[in-house]
Amino acid sequence: MSGPQIVLLGAVAGLTVFLGLPVGRLQSPAPRLRTALNAVAIGILLFLLWDVLTAAWEPTDAALGDHHWAGAATGGLVLASGLAVGLMGLVHYDRWIARRQASRVSLSQGPGASAVTERLAPRARSRAAGLALMIAIGIGLHNLAEGLAIGNSAANGELSLAILLIIGFGLHNASEGFGIVAPLAAAGERPSWGSLALLGLIGGGPTFVGTLIGRQVVNDTVSIAFLGLAAGSILYVIIELLAVARRGGMKVLTTWMILLGLLLGFATDAVVTAAGV
């Protein structure tokens, strides 16, 4: 199989994320459905967090087992740095956005308040839209690392493994698309088709980019860095979605749906596991 064909299939694997995005167009879902959607997203993201951290820690764990202390220290430091940047970077970004919105509100309380508010309203991003964007970014970083794995397999001549990875990641990304838009559906917000397309490109496009890079560069440290960033951002979003779930109540429904999301994550990862990754 030629290089362009591998890259094209890598793009297809990433763009399957679009299959789950139309859920975000649900109109005014009932409270129980909102709670269920939010909880399933938590379950999917919990699985992704485990999956990402497992892959990120594996090179360091192997280095420790082989008593390669320098490699283990480098891998551990890169992972810790990626986690810190991914998690705390979003915390500080969220606080910065909150301060900007507060200053805009204070401006809108002066003379001509209605006119100012009308101008600012199109720019204001709702909490749900912000969460959806953060989920897309976290999944995009994760998918970049997946693309690296596809490209590395092709570069090493392991075409059968590359094809299995493409199929498995494609199935996996279909469920991730649902996770991206779940906060929007849970909040009863209907994003435009253009917004959904942008979220899909942010979440799924990096698989294509990673495949391109992976065919040229085989480097564990780069992969660990991206996986660490992905894990940190996904952890932040999980914390936010758990806060939403607590405010919504419905503990029994929430717990069942989190379990469903976890199982869905494992189910869509089955092909990748069968490939021995």
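## Two helices and their axes

A helix axis is a line fitted to C-alpha atoms over the stretch in contact, and the angle between two axes runs from 0 to 180 degrees between N-to-C directions. In this predicted model, the axis of helix H2, residues 31–65, and that of helix H9, residues 251–268, come within 7 Å. The two axes cross at roughly 40°. H2 is therefore oblique to H9, and the crossing is right-handed.

## The contact between H2 and H9

Residues from both helices take part in the contact. On the H2 side they include Arg32, Thr35, Ala36, Phe47 and Trp50. On the H9 side, Leu253, Thr254, Met257 and Phe266 are among them. By class, the residues of this contact comprise 15 nonpolar, five polar and one charged.

## Thr35 in helix H2

Thr35 belongs to helix H2. Its relative accessible area is 12%. Because buried means under 20% relative accessible area, Thr35 counts as buried. Leaving aside residues up to four places away in sequence, Thr35 touches Gly249, Met250, Leu253 and Thr254.

## Leu253 in helix H9

Leu253 is part of helix H9. With a relative accessibility of 17%, Leu253 is also classed as buried. When residues up to four places away in sequence are not counted, Leu253 touches Arg32, Thr35 and Ala36.

The pair Leu253 and Ala36 shows how the sequence and the fold can be read together. These residues are 217 residues apart in sequence, yet their C-alpha atoms are 6.7 Å apart in space.

Definitions and conventions: Residues are numbered from 1 along each chain as its sequence is written. This is a predicted model: local features need pLDDT of at least 70, side-chain atom pairs count only at pLDDT 80 or more; totals for chains, interfaces and linings use all residues. Side-chain values use heavy atoms; hydrogens and water are left out. Helices (H or I, at least four residues) and strands (E, at least two) are DSSP runs, numbered from the N terminus. Angles under 35 degrees count as roughly parallel, over 145 as roughly antiparallel, 65 to 115 as roughly perpendicular and the rest as oblique. A crossing is left-handed if the near helix is turned anticlockwise from the far one by less than a right angle, and right-handed if clockwise. Contact means heavy atoms within 4.5 Å. Ala, Val, Leu, Ile, Met, Phe, Trp, Tyr, Cys and Pro count as nonpolar, Asp, Glu, Lys and Arg as charged, and the others, Gly among them, as polar. Buried means under 20% relative accessible area, exposed over 50%, partly exposed in between (1.4 Å probe, protein chains only).
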